[in-house]
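Morning, everyone. I have one structure to show today. Please put it up on the screen.

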Amino acid sequence: MVLKDLRGYIRILEDAGFLKRLSKPLSTKYEVSSVLKKYNGKKAVFASVKGFEMNVVGNLCCSKEFIAKGLDIEPNQLIHQFIHASQFPIEPKVFNNGPSQEVENENVDLNRELPILTHYEHDRGPYITSSIIIAKDPETHRANASYHRMLLTGKKRLAARLVEGRNLHAFYQKSKSIKKPLEAAVIIGAPLELLLAAAMSYGDISELTLAGGLMKNPLELVKCKTINIEVPRRAEIVLEGHLLLEKEKEGPFVDITGSYDVVREQPIFEVEMLTRQEDALYQALLSGGLEHQLLMGTPKEAQIYDKVKNVSAVKELSLTQAGSNWLDVVISIKKRHQQEPYLTALAAIAAHYSLKRVVIVDEDIDVNNLLMVEKAILERAHPVEDFFVLKNIKGSTLDKSGIRSDNIVLPPAKIVIDATIKDQREFFERGKIP
Ligand SMILES: Cc1cc2nc3c(=O)[nH]c(=O)nc-3n(C[C@H](O)[C@H](O)[C@H](O)COP(=O)(O)O)c2cc1C
């Protein structure tokens, strides 16, 4: 199956009963975000917005079941589909025109043109949160696509959060060193395969080819009108422009854990031209919601699985919702020797250094059942022998537990829990009623 655009995915969600259409127009300030929160993990949402012609869709990837439906696979195959895409990426195909350029607007006022939402109480202002930025490495010209939240700061201006060390940040630094703004295109409403691929990170492999690998078909692109960047030809909305050398304050804004990220000076994106489909849909995405967490976490699950399968017979793994699909992983293994759980945990950390906790369980434990996992920890892990604290090891900036009084910040640390049965399996056998 080839989806080609977001609309095809929305139709699939609606046919499966996963879409909620709201009849009453909503305000961009808090009302859309509160509806997204209400249906978080339960339904995708389609709504009209007060003061705008453009309709809003959201929560599109807030459940693994939704994403799997879009890819025409079972949810437990998702990890394998991601691994497959990384092993067999497919080059995109460039076309001369496409629906994403049905309307062209050089005289943009973002305040009027797009229903940009204000999500939470203390946000600095309205933010675009589904924004995928496509830019090229100034040296190699390789195209990169990644998510970057964008704060509306003027008619044509948005402040983009570029996390240090990520590809787009590296490209920006390179163009800054030669004192040139970086050409970039912002995609709002990308096809499903790019919504997923833009959260993947495989070194030098372009996300545009990973998107092809996910759908087993080339991603269709079209050349931008004002810059040398190619964008999905069936995107809903495209903002063509530049990341300027100039910066502005960005944040506070709610991040993946649901709490506030701090204020930073971040690069300004200036819009040159807006192109869109005639009846474009605006994609909303609730920061700190399940969609944010699943988009970030699912590709990481694939990368963890790919590493740990080299050291143990992995049955299943899950980045837990308690850890915002980012900080905490439970891995079930068919244990062959006593050192295997610890080795498995180290391999998981090598694949994803942001992990704060790694729990290894036996294959009879369902990694998605947190109560069952807690019971395994309490019944099968010994407090002295089976809890391993790793100190002074790179961790996630999202983990704020090391912040103490008087400006003291403890160095990051991790915990590994071996919750497998060590011996005497009969002591753990569950009673059965014949
Ligand atoms: C919903 C969502 C929002 C994100 N927001 C940001 C952001 O504001 N800034 C950022 O640098 N990364 C953000 N990310 C993460 C990047 O998209 C992701 O880490 C990507 O893999 C970067 O990879 P790259 O450096 O290989 O291009 C976000 C991811 C998701 C799924």
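This is a predicted model: local features need pLDDT of at least 70, side-chain atom pairs count only at pLDDT 80 or more; totals for chains, interfaces and linings use all residues.

Domains to begin with. The domain assignment of the protein gives two entries: domain 1 covers 6-286, and domain 2 covers 309-428. How far apart are the C-alpha centres of domain 1 and domain 2? They are separated by 33 Å.

Now the ligand. There are 19 residues around the ligand. Which of them come nearest? Those are Y147, V163, R166, S201 and L295. By class, the shell around the ligand holds 10 nonpolar residues, 6 polar and 3 charged.

On to the helix pair. Two packed helices are described by the angle between their axes and the distance between the axes. Our pair is α4, residues 78-87, and α8, residues 207-215. The angle is about 130 degrees. The axes lie 8 Å apart. So what do we call that arrangement of α4 and α8? The two helices are therefore oblique to each other. The crossing of α4 past α8 is right-handed.

Who makes the contact? On the α4 side, Q81, H84, A85 and S86. On the α8 side, L210, G213 and L214. By class, this contact of α4 with α8 has 3 nonpolar and 4 polar residues.

Over to you for discussion.

How values were computed: Residues are numbered from 1 along each chain as its sequence is written. Axes are lines fitted to C-alpha atoms, for helices over the stretch in contact, and angles run from 0 to 180 degrees between N-to-C directions. Helices (H or I, at least four residues) and strands (E, at least two) are DSSP runs, numbered from the N terminus. Angles under 35 degrees count as roughly parallel, over 145 as roughly antiparallel, 65 to 115 as roughly perpendicular and the rest as oblique. A crossing is left-handed if the near helix is turned anticlockwise from the far one by less than a right angle, and right-handed if clockwise. Two residues are in contact if their C-beta atoms, placed from the backbone, lie within 7 Å. Ala, Val, Leu, Ile, Met, Phe, Trp, Tyr, Cys and Pro count as nonpolar, Asp, Glu, Lys and Arg as charged, and the others, Gly among them, as polar. Domain bounds come from an automatic or database domain assignment. A residue is near a molecule or strand if its C-beta atom, placed from the backbone, lies within 6 Å of it.
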